[in-house]
Protein chains: 2
Amino acid sequence: AGDPVAGKSKAAVCAACHGADGVAVIPGYPNLKGQNEQYLIRSLKAYKNKERTGGMAMVMQPQASMLSDHDIANVAAYFAQMK
Amino acid sequence: AGDPVAGKSKAAVCAACHGADGVAVIPGYPNLKGQNEQYLIRSLKAYKNKERTGGMAMVMQPQASMLSDHDIANVAAYFAQMK
């Protein structure tokens, strides 16, 4: 399982759109707080693998491409544990 | 804006995986309760338009293809207003 503390350090950039508390600050962006951890991993990998296009994928593909699989696990653990 | 009451009638099938209360009952599926309405609309349209592949898209593409844009707005309103 991912390390939420390590994930937090990688997730600072996420907060710009998804909120420091995981509640999106911009309409059309998903809340991440308490989201299913495995789903977060799958979604980030889908963006990284360019399996998600359209919508805001032009933002998320490059963001996800900068994360290793290890980083993705940690970031997912960080948002999943948020209350 | 969508009609959450009409959305509920279309969302019965969603509950099989995403939970009657919008909290996923299967690991790897996203919670939908209280999710951003515009994001839910974009996501369903992305599946319908086959812009999302990989992961569970093989499940969600056919599900979304059965929803009109009007249905999508209503289903999104339904999950977004869940507390």
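Tutor: Buried means under 20% relative accessible area, exposed means over 50%, and partly exposed lies in between (1.4 Å probe, protein chains only). This is a predicted model, where local features need pLDDT of at least 70, side-chain atom pairs count only at pLDDT 80 or more, and totals for chains, interfaces and linings use all residues. Residues are numbered from 1 along each chain as its sequence is written, chains are lettered from A and ligands numbered from 1 in the order written, and side-chain values use heavy atoms, without hydrogens and water.

Student: Why is Arg42(A) called partly exposed?

Tutor: Its relative accessible area is 35%.

Student: Where is Arg42(A), and what does it touch?

Tutor: Arg42(A) sits in helix α3 (residues 37-48) of chain A. Helices are DSSP runs of H or I with at least four residues, strands are E runs of at least two, and both are numbered from the N terminus. Arg42(A) touches Gly28(B) and Met56(B), leaving aside residues up to four places away in sequence. Contact here means heavy atoms within 4.5 Å.

Student: What makes Lys50(A) count as exposed?

Tutor: Its relative accessibility is 55%. Exposed means over 50%, so Lys50(A) qualifies. Lys50(A) lies in the loop between α3 and α4 (57-65) of chain A. Its phi is positive, about 60°, although it is not a glycine.

Student: Why is Lys50(B) called exposed?

Tutor: Lys50(B) has a relative accessible area of 52%. The cut-off is over 50%, so Lys50(B) is exposed. Its place is the loop between α3 and α4 of chain B.

Student: Why are α3(B) and α4(B) called roughly perpendicular?

Tutor: Their axes cross at roughly 100° and come within 7 Å. Axes are lines fitted to C-alpha atoms, for helices over the stretch in contact, with angles from 0 to 180 degrees between N-to-C directions. Under 35 degrees is roughly parallel, over 145 roughly antiparallel, 65 to 115 roughly perpendicular, and the rest oblique. Therefore α3(B) and α4(B) are roughly perpendicular. Leu44(B), Tyr47(B) and Lys48(B) of α3(B) meet Ala57(B), Met60(B), Gln61(B), Ala64(B) and Ser65(B) of α4(B).

Student: How do you know that the buried residues of α4(B) line one face?

Tutor: The buried residues are Ala57(B), Met60(B), Gln61(B) and Ala64(B). Seen down the axis of α4(B), they fall within an arc of 105°, so they line one face of the helix. The arc is that of the directions from the helix axis to the C-beta atoms. Their cover includes α2 (15-18) and α3 of chain B.
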